[in-house]
There are 2 protein chains.
Amino acid sequence: MIRSLAIGQISLGTGQYRYPLWPPLTEGCPRSSTSEIAYPLTVDYDYSRVSAGLFDQPALPGLDRWTPLLPPLDERLALGEGGTALIPLEGGAGGWDGRLYIKDESRNPTWSHKDRLNRCAVSAAALSGSAGVVVASSGNHAGSAAAYAARAGLPCVALVSAGAPLEVQAWIRSYGAVVLQVEREARWSVMRQIVRQLGYHPVSNLTEGGHTGHPFGPEGYKSIAYELFLQLGRRPPAAVFVPTGYGELLFGVWKGFAELQRLGLSPTVPRMFACEPAARAPLFQALAQGRPVAAVPARPTRAVSIATTVSGYRALLAVQESGGWAIRVTDADLVASREGLARAGIWAELSAAAGLAGCRLALDQGERFDGPVVCISTASGFKRWADGSGAKPAPQVSDDLFEINRVLRSHYGLDV
Amino acid sequence: MIRSLAIGQISLGTGQYRYPLWPPLTEGCPRSSTSEIAYPLTVDYDYSRVSAGLFDQPALPGLDRWTPLLPPLDERLALGEGGTALIPLEGGAGGWDGRLYIKDESRNPTWSHKDRLNRCAVSAAALSGSAGVVVASSGNHAGSAAAYAARAGLPCVALVSAGAPLEVQAWIRSYGAVVLQVEREARWSVMRQIVRQLGYHPVSNLTEGGHTGHPFGPEGYKSIAYELFLQLGRRPPAAVFVPTGYGELLFGVWKGFAELQRLGLSPTVPRMFACEPAARAPLFQALAQGRPVAAVPARPTRAVSIATTVSGYRALLAVQESGGWAIRVTDADLVASREGLARAGIWAELSAAAGLAGCRLALDQGERFDGPVVCISTASGFKRWADGSGAKPAPQVSDDLFEINRVLRSHYGLDV
């Protein structure tokens with residue numbers, strides 16, 4: 001049997017303090033954290049024991065194949081997460097003639113990237129004998145956590161933003177989860193109470209002083225880097241554009257590429273670009289001000305799934321280490337890129353179009369890349385579908401030829 | 001470059017009449033069809049030229065890898081369709097201790113099995129220089145056709161059932177398709193007018209005398225058989241349970257396994273079970289009456305995506321040749337199986353749960369199988385989500401501990 005080579009947790013903050021692998025430190029590094037920031041932790045591995053054959057099989061679904069480089073997985077929870085398609089986009093945007101690809105994360109078990117995280121974080125809950133799972137989320141994270149909790153046979157409490165769409169609530173509830181609507185400001189307090197009182201395992205962030213999150217969760221996103229490396233013919237892309245809220249996805253993808261370099265498989269690490277809603281963009285602010293984290297007012301944006309008011313320290317590290325940057329995309333940019341994706345056959349959630357939107361802005365501003373570029377599309381357009389596309393019904397026609405022609409002409413301008 | 005080995009079309013009706021590969025005969029076999037039935041056609045290949053190495057790579061996304069055994073594909077349309085996960089279901093249903101698997105077709109580009117069909121059928125439209133694509137569908141087929149038409153740069157007219165949910169309409173429209181609501185009875189007439197007047201290529205059925213469909217479409221479903229063969233360790237399952245309307249999916253999967261047997265790779269072909277809504281079940285009636293097709297009244301059922309009133313001759317062939325049968329599942333069976341899937345981490349459209357529902361009924365009735373059994377789950381629960389799960393909002397709570405406890409206890413019976 002293949003086993004995880006995880007050997008402990010390391011603080012990402014100053015000092016690189018080491019801790020045992022268990023329990024996952026979900027409230028940040030006890031030693032390096034300050035009143036301003038709770039430094040997150042990451043998982044360390046015995047890299048000297050990684051078999052060269054690990055990267056020989058193509059990019060199939062199922063995180064289990066990456067077991068040596070992931071925290072311990074509960075194998076009963078396997079839903080064939082990952083192994084998502086890489087889809088070429090026609091033509092170069094902004095006059096750039098390099099290859100542009102979309103990594104379509106809507107092809108996961110619950111139709112977003114979050115399944116890669118929850119396979120790891122809910123495994124931690126199950127393997128540590130937790131009484132249940134608790135998650136606070138605007139949607140994708142909660143639905144995914146609920147699915148894995150159901151498979152683990154664990155109860156799940158999902159705290160969703162007040163006013164979350166009914167289809168999102170129905171989806172989370174379908175897996176048997178308890179859904180509660182909570183005001184954004186109250187969710188960390190409610191979550192901590194459920195952790196402490198019910199003994200539930202938190203699979204999303206618990207801390208208010210910057211984002212900490214579950215140390216095992218972002219490890220799942222490393223598999224995106226491994227897959228991209230294989231899908232591009234055993235080479236890394238030149239750049240990756242990532243829809244960014246707290247930046248766990250951004251960090252995980254970067255870490256995966258950094259590991260490939262460390263293992264001698266990849267000569268370089270791609271430049272990582274965080275694509276944030278322009279109305280908030282706390283990471284952009286932290287980078288611009290040279291601070292580890294930043295907080296911003298909750299200005300309105302339709303990019304609900306990445307609309308965070310505090311930045312994640314993980315994201316800052318990934319951007320700085322890779323020579324990338326944070327790009328601010330407006331709601332109008334998102335709508336245009338979402339439409340561009342749909343015209344290429346990919347219907348994305350509005351927030352999921354941030355990767356392509358950021359890439360277009362970068363190319364417009366003259367950025368060029370020495371190799372293929374990947375934009376991650378994080379979730380299906382069915383998530384919050386009414387946000388981007390309007391909810392009007394189509395015209396109804398009988399089988400009268402004259403009427404059909406009239407409708408095709410008048411409503412759609414079709415030349416009949 | 002790998003090329004298609006397709007060499008012509010053969011009538012599935014009496015006589016096995018042969019026709020050239022082009023144009024696809026979308027109105028059935030001109031010679032064997034009668035006033036009662038328009039016999040569909042299927043694609044023939046030069047099987048002697050299939051390379052043994054074709055089945056060496058694991059079950060990756062992308063139909064292109066099966067190019068030799070598919071009708072000609074337009075490679076620009078690739079969306080990484082197929083390569084879907086096979087997920088084990090815990091425990092034997094009905095006291096049966098064999099292995100049960102779910103083939104999760106919600107992991108396709110537009111989150112249903114239909115992408116495998118449309119990759120082939122829309123390729124035919126693009127390669128034959130059609131002016132556009134027209135499709136009549138309750139939802140999944142239209143959304144998928146619209147995505148591939150968008151990728152092909154072809155206009156698409158989608159005729160949806162009157163009253164189709166707004167999220168389904170928005171989804172289809174997102175790809176740039178023209179959406180028209182049409183009464184069920186009028187759709188074939190409207191479709192024929194668009195084919196004749198606009199020169200659009202029909203990718204769904206055109207004929208009222210039994211279902212004919214696009215001869216190239218079901219070929220895409222053969223890839224499910226190829227994948228299952230590889231995913232189960234180069235052996236076929238003992239039985240496959242398939243949600244069935246017209247039965248193109250059922251036929252395609254059966255044909256794929258029959259080809260594996262013909263090529264000397266698989267010793268047997270699995271028994272194919274058609275799982276139909278009990279309220280209609282035209283295939284069951286055709287089988288029981290020993291007739292090639294049957295028509296039934298449009299009695300109400302919530303299984304909208306498989307609620308056909310006429311059976312497909314393709315389905316009859318697949319069931320008879322493989323020693324299977326048609327199983328009638330009630331709406332209550334579907335709701336229970338949909339819940340069973342969700343508890344295993346898979347949220348399915350109500351119609352998509354018909355495979356598992358049929359399998360449970362078969363096991364309850366004492367059927368046993370000499371090997372693994374596969375139930376196909378055709379589409380994501382986001383398709384027609386309100387049909388199966390209710391649309392009530394979750395309770396809202398503040399961060400008051402007493403209130404949280406009260407809600408968890410009173411609404412959810414959670415012991416806190």
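Helices (H or I, at least four residues) and strands (E, at least two) are DSSP runs, numbered from the N terminus. This is a predicted model, in which local features need pLDDT of at least 70 and side-chain atom pairs count only at pLDDT 80 or more, while totals for chains, interfaces and linings use all residues. Residues are numbered from 1 along each chain as its sequence is written, chains are lettered from A and ligands numbered from 1 in the order in which they are written, and side-chain values use heavy atoms, with hydrogens and water left out.

Select Pro23(B), which is found in the loop between strand S2 (18-19) and strand S3 (41-45) of chain B. The peptide bond that leads from Trp22(B) to Pro23(B) is cis, with omega near -10°. In chain A, Pro23(A) is likewise in the loop between S2 and S3, and a cis peptide bond with omega of about -5° joins Trp22(A) to Pro23(A).

Stay in chain A and select Pro30(A), in the loop between strand S2 (18-19) and strand S3 (41-45). Pro30(A) counts as exposed, at 55% relative accessibility; here buried means under 20% relative accessible area, exposed over 50%, and partly exposed in between (1.4 Å probe, protein chains only). Leaving aside neighbours within four places in sequence, Pro30(A) is in contact (heavy atoms within 4.5 Å) with Tyr19(A) and Leu25(A). The C-alpha atoms of Pro30(A) and Tyr17(A) are separated by 9.2 Å, with the two residues 13 apart along the chain.

**Second stop: two positive phi values**

With 58% relative accessibility, Gln16(A) counts as exposed. Arg234(A), which is not a glycine either, has a positive phi of about 60° and lies in the loop between helix H5 (222-231) and strand S10 (239-243) of chain A. Its relative accessible area of 39% makes Arg234(A) partly exposed.

Select residues 140-152 of chain A, the 13 residues of helix H2, which at 1.5 Å a residue should span 18 Å, and whose end C-alpha atoms are 18 Å apart, in agreement; the expected span is 1.5 Å times one less than the number of residues. Of the 13 residues of H2(A), 13 are buried, and the helix is followed by Gly153(A), whose phi is positive, near 75°.

Which of its 253 residues touch the most other members? They are Ile172(A), Phe241(A), Ile172(B) and Phe241(B). Not counting residues up to four places away in sequence, Phe241(A) touches a set of residues that includes Phe273(A), Ile327(A), Phe369(A) and Val373(A).

The structure holds 32 salt bridges over all chains, each a side-chain nitrogen of Lys or Arg within 4 Å of a carboxyl oxygen of Asp or Glu. Select Glu219(A) and Lys222(A), whose side chains meet in one of them (2.8 Å, N to O); Glu219(A) and Lys222(A) are both buried. In chain B, Glu219(B) and Lys222(B) meet in a salt bridge of 2.8 Å, N to O.

Glu339(B) forms a salt bridge with Arg343(B), the closest N and O atoms being 3.9 Å apart. Both lie in helix H9 (residues 331-343) of chain B, four residues apart, about one turn of the helix. Glu339(B) is partly exposed at 43% relative accessibility, and Arg343(B) is partly exposed with a relative accessible area of 39%. Back in chain A, a network of salt bridges links Lys103(A), Glu105(A), Arg116(A) and Glu227(A).

**Last stop: where the chains meet**

Show both chains: 78 residues of chain B are in contact with 78 residues of chain A. Chain B and chain A bury about 6600 Å² between them, 61% of it on carbon and sulfur atoms, where buried area is the accessible area (1.4 Å probe) that two parts lose on being put together, summed over both. In chain B, Arg107(B), Trp111(B) and Phe382(B) lose the most area to chain A, together 12% of what that side buries. How many salt bridges does the rule find across the interface of chain B and chain A? The rule finds zero there.

Definitions and conventions:
Core = buried A, V, L, I, M, F, W, Y, C linked by side-chain atoms within 4.5 Å.
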